[in-house]
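Biologist: I would like to learn how to read a protein model. Could you take me through one, feature by feature?

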Amino acid sequence: MNIDLVRKQIPVTSRRAYFDNAGTGPPSIPVLNSINEFMADWREYGENWEEWLPLIIESRRQFGKMIGGVRLDEIASVPNVTSALIGLASSLNYKPEGNIVISELNFPTNIYLWHLQKKHGRAKDVRLLHRDNNGTVPLEQWEKAIDDDTSIVSVDYVSWTNGCREKIREITKIAHEHGAFVIADSFHALGVFPIDARQDGVDALVCGMYKWMQGPHGAAFVYTRRERLKDLDPNYIGWHGVQDSVARRLTSQQDLFGKPFNIEETIPAPDATMFEGGSWGVISIVGAKAALEFALKHDQTERSHRVLKVTEHLIEGLKKKGRKILTPLQSDRRSGIVVFEDPDPGSTYERLKKLNITVASRVKALRASPHYYNTEEEIDKLLAAL
Ligand SMILES: Cc1ncc(COP(=O)(O)O)c(C=O)c1O
């Protein structure tokens with residue numbers, strides 16, 4: 001990877017040391033161009049679904065490539081991670097008197113949703129696992145919590161709150177030994193680490209585009225392992241989620257609106273598109289598609305090495321300054337997120353911003369989330385400013 005060339009494609013790097021990729025990733029020029037092209041098309045033609053639907057299908061395909069080359073029918077395009085998780089939660093089989101196992105390191109959506117299933121009688125117990133003093137949820141805790149009554153295990157690949165990287169394959173193996181369905185949120189992992197959803201074994205994987213993937217808000221994807229599609233039975237559905245949807249009409253060379261929709265019964269799509277409820281945010285999807293194509297140009301392993309190198313540099317510098325680091329430090333738990341204590345995060349954040357350095361302010365802490373395009377020189381600038 002020629003990092004100077006890459007940085008030229010990411011305009012923010014010319015002005016700012018940007019370390020908030022766990023918040024919102026900055027767009028690359030191809031992403032900006034694709035959105036501008038969509039705007040021009042919209043201005044010129046108004047409705048243009050014949051052109052836009054293929055872009056939606058193509059964005060699914062690119063996402064499939066990004067997670068290890070899964071099949072197109074295993075992918076759905078949805079507006080955000082929350083709606084992806086809601087779609088899954090309202091389609092799954094819940095074991096009678098069963099339980100759901102989650103971690104406190106999950107993003108709140110991936111916790112709230114499950115408490116609600118208990119309230120509505122779909123689970124007897126929600127087992128919320130807590131981190132230890134190292135900031136991790138040890139595998140033994142998962143082993144202890146998951147049993148034959150576990151319906152669902154839902155876990156984040158990387159924690160938004162302290163950057164802990166989960167042992168997804170091991171957790172999935174334990175869950176499958178007990179017949180549980182595994183959902184994994186890869187929002188803080190995709191774009192940083194290479195991901196192979198089939199090798200990881202997860203039953204469903206969700207991911208948004210606006211963080212490490214450097215795409216826009218309003219575009220996310222759900223992967224559902226084809227062997228588990230038959231276990232899903234949606235309680236809620238829209239016109240894009242049924243078998244005879246306009247997107248499927250397009251792919252089978254039919255006129256989009258050439259015949260009436262069957263409103264006598266509801267037949268959900270036999271594939272992951274059952275989660276595609278209403279019309280897509282095309283403007284976001286064209287940006288997401290460009291972001292996926294941009295990321296796919298890079299070797300994902302090389303990206304991860306770069307991220308771990310710059311975060312290591314940051315951690316070493318913070319240690320020298322005597323800063324307390326809240327991120328787990330074991331090498332197999334590390335990610336792009338580094339959280340460290342700060343006596344006054346709000347004002348430090350503002351001060352850094354004036355120096356053209358962007359981090360995120362958190363409770364009694366700052367969160368720095370450098371990406372593959374950041375450099376050690378930029379980290380030195382942050383350390384000096386701190
Ligand atoms: C891990 C993780 N999942 C989900 C979300 C929320 O995603 P969305 O707003 O697309 O629902 C976030 C937001 O920060 C997150 O960090």
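**Reading the fold**

Modeller: Start with contacts. Two residues are in contact if their C-beta atoms, placed from the backbone, lie within 7 Å. In this chain, among contacts between residues at least 6 apart in sequence, 75% join residues at least 24 apart.

Biologist: What kind of model is this, and how are residues numbered?

Modeller: It is a predicted model: local features need pLDDT of at least 70, side-chain atom pairs count only at pLDDT 80 or more, and totals for chains, interfaces and linings use all residues. Residues are numbered from 1 along each chain as its sequence is written.

Biologist: How many helices and strands does the chain have?

Modeller: Helices (H or I, at least four residues) and strands (E, at least two) are DSSP runs, numbered from the N terminus. Here there are 13 helices and twelve strands.

Biologist: What does the radius of gyration say about the chain?

Modeller: The radius is taken over C-alpha atoms, and the globule rule is 2.2 Å times the number of residues to the power 0.38. For 386 residues, a compact globule would have a value near 21 Å. The chain has 21 Å, which agrees. Its C-alpha atoms fill a box of roughly 70 × 55 × 35 Å along the principal axes.

Biologist: What share of the residues counts as buried?

Modeller: A residue is buried if 20 or more other C-beta atoms lie within 10 Å of its own, exposed if 12 or fewer, and partly exposed in between. By that rule, 45% of the 386 residues are buried.

Biologist: Is Q214 buried or exposed?

Modeller: Q214 is buried, because 28 other C-beta atoms lie within 10 Å. Q214 sits in the loop between β7 and β8. Its phi is near 60 degrees, a positive value in a residue other than glycine.

Biologist: And is Q253 buried or exposed?

Modeller: Q253 counts as exposed, because it has 6 C-beta neighbours inside 10 Å. Q253 lies in the loop between α9 (246–251) and α10. Q253 has a positive phi of about 55 degrees, although it is not a glycine.

Biologist: Which residues have the most contacts inside the largest nonpolar core?

Modeller: First the general idea. In soluble globular proteins, nonpolar side chains tend to be buried together. A nonpolar core is a set of buried Ala, Val, Leu, Ile, Met, Phe, Trp, Tyr and Cys residues joined through C-beta atoms within 7 Å. The largest one here has 103 residues, and V206, V222 and Y223 have the most contacts inside it. Helix α10 (residues 282–296) gives this core its largest share, nine residues. Domain 1 (3–25 + 300–385) and domain 2 (43–296) both give residues to the core, so it lies between them.

Biologist: Where do those domain bounds come from?

Modeller: They come from an automatic or database domain assignment. The centres of domain 1 and domain 2, over C-alpha atoms, are separated by 28 Å. In contact are 20 residues of domain 1 and 18 residues of domain 2. On the side of domain 1 that touches domain 2, α11 supplies the largest share, five residues.

Biologist: Which residues of α4 are buried?

Modeller: They are V81, A84, L85, G87, L88 and A89. These pack against β2 (75–78), α5 (109–119), β6 (181–185), β7 (204–208) and β8 (220–224). V206 touches V81, A84 and L85, among others.

Methods. Lists of a residue's contacts leave out its neighbours within four places in sequence.
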